[in-house]
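Subject: Structure for your review

Dear colleague,

Please find below the structure that I am handing over to you. My findings follow directly after it.

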Amino acid sequence: MNRKTTPKVKNGKVQKKNLYRDTPNYWNTRQDYLVIDRDPPGAGYKHFLKKSDIIKFLELLPNWEEIDIELDAIVLSKGGGDDGWYCDGVIGICAWDKNMKSSLDKDYFLEHKELFDRLEVKYEVKREVVVCHFNEDQIRAYQLLHILLHELGHHHDRINTKDRYSSQRGEDYAENYATKYEKIIWHKYFEVFGY
């Protein structure tokens, strides 16, 4: 009796023994429902937002059914880069410096000064930067009322383009989107989250 040396050879070719497909997740597969994920914050950083904060905040949005299209995940991601990011249906809100400070470019600060003043953020102007001193409530409010809304603006832009592939209108569209909805839900936010 002749025995094959390997039973998984067909027509002289060795067959793969393992499944070589990617495990479905929000990076490679459209999700049926929104996933809220949390990555480690990184050394020197902390997540001041909780998953429950994001859920409560999204319930405040008047156009949630419109935004929820192809929005696969919101990730509390690692700190050290930008405040947030958007990539094809996945939004990232980055961890914040544990010291609760943020050094901002003067131009960026001036563009958002009205928001910082309404949130009563203390700041000191240096040569090229403005150092903002936040407390936990101010960080949460800024991340939800501006960063998350800004990234939702990029998502809204993408799903309303013909090819639904990229955000065509860029940063100005996302900023205007964030400003518009921040004003709409401002009072509701503080009723739900306090201050």
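**Pockets and sheet**

The second largest pocket is lined by E111, H112, E114, L115, R118, H146, E175, A178, T179, E182 and K183. Two elements, α4 (113-118) and α6, each give two or more residues to this lining. Helix α6 is the leading contributor here, as it gives the most to the lining of the second largest pocket, with 5 residues. Sorted by class, that lining has 6 charged, 3 polar and 2 nonpolar residues. The volume of the second largest pocket is about 160 Å³. Please bear in mind that this is a predicted model.

The largest pocket has a volume of about 460 Å³. Its lining comprises 22 residues, and those nearest the centre of the pocket are G81, D82, D83, G84 and I147. At least two lining residues come from each of β8 (96-97), β9 (101-105), α5 and α6 (170-193). Which element gives the most to the lining of the largest pocket? That element is α5, with 5 residues. By class, the lining of the largest pocket divides into 7 nonpolar, 8 polar and 7 charged residues.

Four strands form an open sheet in the order β3-β5-β7-β6, and the pairing is mixed. Strands β3 (35-38) and β6 (84-87) are the edge strands, each pairing on one side only. On average, neighbouring strands of this sheet are turned by 15° against each other, direction ignored.

Within the sheet, β3 and β5 (residues 73-77) run parallel and are joined by 4 bridges. In one of these strands, β5, residue I74 is the bridge partner of I36. Helix α1 (residues 51-60) packs on the sheet, where this helix touches β3 and β5. The direction of α1 makes about 150° with that of β3.

A further helix, α5 (residues 136-159), lies across β5, β6 and β7 (90-94). Helix α5 runs at about 160° to β7.

Yours sincerely,

A colleague

Key:
Residues are numbered from 1 along each chain as its sequence is written. This is a predicted model: local features need pLDDT of at least 70, side-chain atom pairs count only at pLDDT 80 or more; totals for chains, interfaces and linings use all residues. Side-chain values use heavy atoms; hydrogens and water are left out. Two strands pair if DSSP finds at least two bridges between them. Axes are lines fitted to C-alpha atoms, for helices over the stretch in contact, and angles run from 0 to 180 degrees between N-to-C directions. Contact means heavy atoms within 4.5 Å. On a 1 Å grid over the protein atoms alone, a cavity is a set of points where a 1.4 Å probe fits but cannot get out, and a pocket is an open set with protein on both sides within 12 Å along at least five of seven lines; lining residues have an atom within 4 Å of a point. Grid points are joined across faces, edges and corners, and a volume is the space filled by probe spheres set on the points. Ala, Val, Leu, Ile, Met, Phe, Trp, Tyr, Cys and Pro count as nonpolar, Asp, Glu, Lys and Arg as charged, and the others, Gly among them, as polar.
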